[in-house]
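Happy to walk through this one with you. Here is the model, and then some questions on how its features get their names.

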Amino acid sequence: MIPYGKQDISQADVDAVLEVLKSDFLTQGPKVPEFEAKVAGHVGAKHALAVNSATSALHIACLALGLGEGDWLWTTPVTFVASANCGLYCGAKVDFVDIDPRTYNLCPKALAAKLEEAEQEGRLPKVVVTVHLCGQPCDMEAINKLAQRYGFRTIEDASHGIGGKYQGEFIGNGRYSDITVFSFHPVKIVTTAEGGMAVTNDDQLAAKMNLLRSHGITRDPALMTHEPDGPWYYQQVDLGYNFRMTELQAALGVSQMQRLDDFVARRHKLAKRYDQQLAGLPLTLPWQHPDSYSGLHLYVIRLQLEKTTFSHRKVFELLREEGVGVNLHYIPVHTQPYYQQMGFEENDFPQSMAYYREAISLPMFYGLTEQKQDKVVAVLNEILDERT
Ligand SMILES: *Cc1c(COP(=O)(O)O)cnc(C)c1O
């Protein structure tokens, strides 16, 4: 089966991890700060905080922004559940904003309309999580204007987006948001096995997230309520978690970051080949905003169902039967049973549902050979071309 995504581990990656394994520190050593500096430097952010997953990064980002009981977090339905769950972890309520039918990202116009209504009803969101689906950046300038006007804070869930650019600048530089989060799960662009990072330009948010990722404990006398009792002394000044990244993961991350540009360039080459070779089929191919450079975590096609013999499900099954490990990103979060209990109706977000009924993620990863990609194209042709 050709998977939809897969990590690429070089000998240098292996060596980097082995070196740590033989060193003095398996956790809380020099590699984590080195990885943080590498990512912060690359994306152009002042602070970077490595954690054990993007889910944890979203959680401490929400807490640092003060999200809590009685507050609202809004995000897009077309995302992994973690983009919404982070609100629930903090005791806040979650609501969704429908997607733009062309980018599949949270639609700024739908956001504006929903904010206007929410203002009248006195239930404006405290935090909006924007997701750069497939790596294509959201319209952050428009969303930031709304943030200024309505006073909400913004987290960019850039789990798909490292290495991508918006308006010519790397995603994560924080021009239009408070905090940006990256994931280093193996299917993502850069991997640390499990791992995530939160980046920000705000000193206070960084300090807060730093505390929260490690039990709320500090060894910095400046943050303590009184002079240290002695050299052993630490203080717990907040309720935090153990969300720390290990040295092994960070070493892998440092090594992988050296190939980031190469990883993204390869994905663009593969996307271009798909664009050309699938152009004649009854498909809606990914649209790319001219003002942005996608990290291209995913290549999502949409079936033009009125022009195909088979159903969405059947096309999906046939692809898998032929060894093409397609996937679907994502089942709209508001349709999950856990969210249905909160009263969401499927058709609350019609663009998200329309997307869900047609979308298929094709194989897209660094190690995908042209030969294997040609097979994906051939199988799709066979299934979708009426003339054969
Ligand atoms: C993968 C992913 C996450 C969660 O990342 P983990 O590192 O696995 O916790 C969150 N949001 C989106 C959009 C993702 O794709």
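The lining of the largest cavity splits into six nonpolar, five polar and three charged residues. This is a predicted model, where local features need pLDDT of at least 70 and side-chain atom pairs 80 or more, while totals for chains, interfaces and linings use all residues. Residues are numbered from 1 along each chain, and side-chain values use heavy atoms, without hydrogens and water.

Q: What makes a space a cavity, and how many cavities of 30 Å³ or more are there?
A: On a 1 Å grid over the protein atoms alone, a cavity is a set of points where a 1.4 Å probe fits but cannot get out, and lining residues have an atom within 4 Å of a point. By this rule there are two cavities of 30 Å³ or more. The largest cavity holds about 110 Å³, and E156, Y166, F170, N173 and Y176 lie nearest its centre. The second largest cavity has about 50 Å³; its lining includes K6, D8 and Y366.

Q: Why is α3 called oblique to α7?
A: The axes of α3 (residues 54-64) and α7 cross at roughly 125° and come within 9 Å. Angles under 35 degrees count as roughly parallel, over 145 as roughly antiparallel, 65 to 115 as roughly perpendicular and the rest as oblique, so α3 is oblique to α7.

Q: Which residues of α3 and α7 are in contact?
A: Contact means heavy atoms within 4.5 Å. I60, A61, L63 and A64 in α3 meet L205, K208, M209 and L212 in α7.

Note on methods. Axes are lines fitted to C-alpha atoms, for helices over the stretch in contact, and angles run from 0 to 180 degrees between N-to-C directions. Helices (H or I, at least four residues) and strands (E, at least two) are DSSP runs, numbered from the N terminus. On a 1 Å grid over the protein atoms alone, a cavity is a set of points where a 1.4 Å probe fits but cannot get out, and a pocket is an open set with protein on both sides within 12 Å along at least five of seven lines; lining residues have an atom within 4 Å of a point. Grid points are joined across faces, edges and corners, and a volume is the space filled by probe spheres set on the points. Ala, Val, Leu, Ile, Met, Phe, Trp, Tyr, Cys and Pro count as nonpolar, Asp, Glu, Lys and Arg as charged, and the others, Gly among them, as polar.
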